[in-house]
Amino acid sequence: MTIFIMKVVIFFVYLLIPLVYNFIYVIRGEYMNKLKFSLLGILFALIGFMSFTNTIFAKSYDITKYHENVNVSKDGTADVTQRVTYDFDGTFNGVFLKMNTKGIHKYSDPTVFVDYGDTQPAEIPRESFHKSYYYDDTFVYTSHKKYKKVTVYYKSTDEKLTFIYKYKIYGFVTNYSDTAQINWKAIDTGWGSQLNNVKVTIQLPENNIKKLQAWAHGTSRGHIDVDKENGRITLTANKLPEDEFMETRSVFPLSVTPQNMNIVHKDVLKQVQTDEASMSKRTDFHIILKRIGLGILILISLIVSAISIAFIIPLWKGAIRLKKPTPLVHYFEIPNMNPSTARMLLKQNPKGDNEGLTGDMLMEVANHKLKLEKNKHRKFELIRLKKDCDPFFNYLIDTVGDGERVSFDKIKNANQEHLKSEFHEWQDRTTEAAAPYMDDDNKQLLPLLKKSILIALGVSAAMVIIGTWIIYDSFYITVPIGLITVLFFVIMYIVGNYKFDIYSEAGEQAVNEVHGFKKMLEDINDINIAEVGDLILWEQILPYAAAFGISKKVLKALQVKYGDVVDTLPSIGYYYYGVGSLSGSTNFNISMTSGLSSSSGGSGGFSGGSSGGSGGSSGGAF
């Protein structure tokens, strides 16, 4: 269920991202971004929905409990009982258990049970592995080069089941000349899911074993308890990731397993104690280093955040906040600026873009400085009528074209370096045209605000990622700190965007009018088109609709009002059949985009390492 919950959270995060962006623009009164961020919201919602539906129709499982009991006999054998509790989300055909044969003398044939939790465990019968198919509610036991495998064919859907494996390990204890030893990997890597609520208990055949010593390896998340009075060793861990193992090594007097036939005539006790002491020191040193590293990461994150705050506060004090005019619901006057400038004000772009250039081109057509027509190949060409049009269009006709006209195909295949140079010069002219509407001081402060916040957020993200990588359980510390930092700076960014107004006093009035003008075009189905003006006036309005990206809606409304005569006017007819088309040969915007972009590219705790323990099991579901 953990995966399901995570995906549900991701689903809502995907939905919240565009909502936060929309909130930013709403408090700033920038309604011109509604379409853009509505589309962004739809995109994120679709991604979230796909993630959510994949969760519903896909299958996953958690291992919520792993308990293993090992009862050691006086002859050195061990009776093992493993209880693995699966929480299935979806339909599964069964589970499996792999038992590593490294260092193991012999495994007995296992028995398998299933426990629903409210009844006595039911034994699952064994099938012959010689069959080409197997019945449900059976298991197969197979031998491989490095492991034994128990495959349980037991279908389950959206339920919690505990599978119980019972078997015997021969030669579990080794009697050396000076001590008896267990060196065993209780849990191997390779489980298909993280193990939760892990407990491994090793019960020796005698009590009051004063010289019992035990150590554990493989994970820093575990705990070992050595109960000398009851002759018991217990390994526990709240969580054990699938890529970590749990191993134990213990020594005790030979009198505990006097009947053991697994004998090695060699003294090992002092070497084992020395090795374990050394391993424990190395682990303690690594843990200290990791904690120091985590502390340094948190300190760096807090220092960077504090520096960012100290940097932002003076910016806030230096920002000038003008009183905004009352927002216009609809504005019916054509803006006293080029379409590219109007788009820059709406989008807060520092320079003109392709959509703005398309609007300017259509404005030149509407003013009868340029003409659009189809050639014999039914592809659009730009024809010059007057030489006082924008230098960029003169460049296209004189250099890319033949001095009188230029086809959109030639623009697509123009020299990229020259085209980019001329386009950048056009962008510089758009910046100059928009300058009277901008507050230069605030315009420079806003990028500094964004950079300082992004640096702080980046350091916080690095703290969480690196900190969690250094110390697995540190996310309980780093994630709350990171989330608080992110929330704090998101709020600062929202407030900063509201406070750092990039418009001048004239710009506030102009952008308010442009907002109202665009809103009028967006609501064209709800207004009387004739009240705005005749079709000739609408030819002057269409270039702005093109720059705003809402021309299709306007054209449909005009066709309803004026019929097919709409297509006879140069800029309107072109835009309906040209810019609205997906064909690069008729679309000026796509032609420009292609031309500009084609060149871009003792007893002790858990310690690290391993003592080479024998055995070990792993498993999963299928």
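Predicted model: local features only at pLDDT ≥ 70, side-chain atom pairs only at ≥ 80, totals over all residues.
Across the protein chain the average is 77, and 68% of the residues score at least 70. Confidence is lowest in helix α1 (residues 2–27), where the mean is 47, and highest in strand β9 (residues 160–170), where it reaches 94.

We can now turn to strand β18, which covers residues 380–384. Five of the five residues of β18 are buried, so this strand is largely enclosed by the rest of the structure. In a regular strand the side chains alternate between the two faces of the sheet. In β18, F380, L382 and R384 point one way, while E381 and I383 point the other way, and all are buried.

Which strands pair with β18? Strand β17 (residues 370–374) runs antiparallel to β18 and is joined to it by five bridges, and in the hairpin of these two strands, which has five residues between them, R378 takes a positive phi near 60°. Strand β19 (residues 405–407) also pairs with β18 in the antiparallel sense, over three bridges. L382 of β18 is the bridge partner of L372, and its bridge partner in β19 is V406.

Elsewhere, Q82 lies in strand β2 (residues 78–89). Q82 is buried, with a relative accessible area of 0%, and its side chain is joined to that of Y66 by a polar contact of 2.8 Å.

How values were computed. Residues numbered from 1 in each chain as written. Heavy atoms only, no water. pLDDT = per-residue confidence, 0-100. Helix = DSSP H or I, 4+ residues; strand = E, 2+ residues; numbered from the N terminus. Buried < 20%, exposed > 50% of the residue type's maximum accessible area, 1.4 Å probe, protein only. Polar contact = N/O pair within 3.5 Å; in protein donor to acceptor, adjacent residues only side chain to side chain. Pairing = 2+ DSSP bridges.
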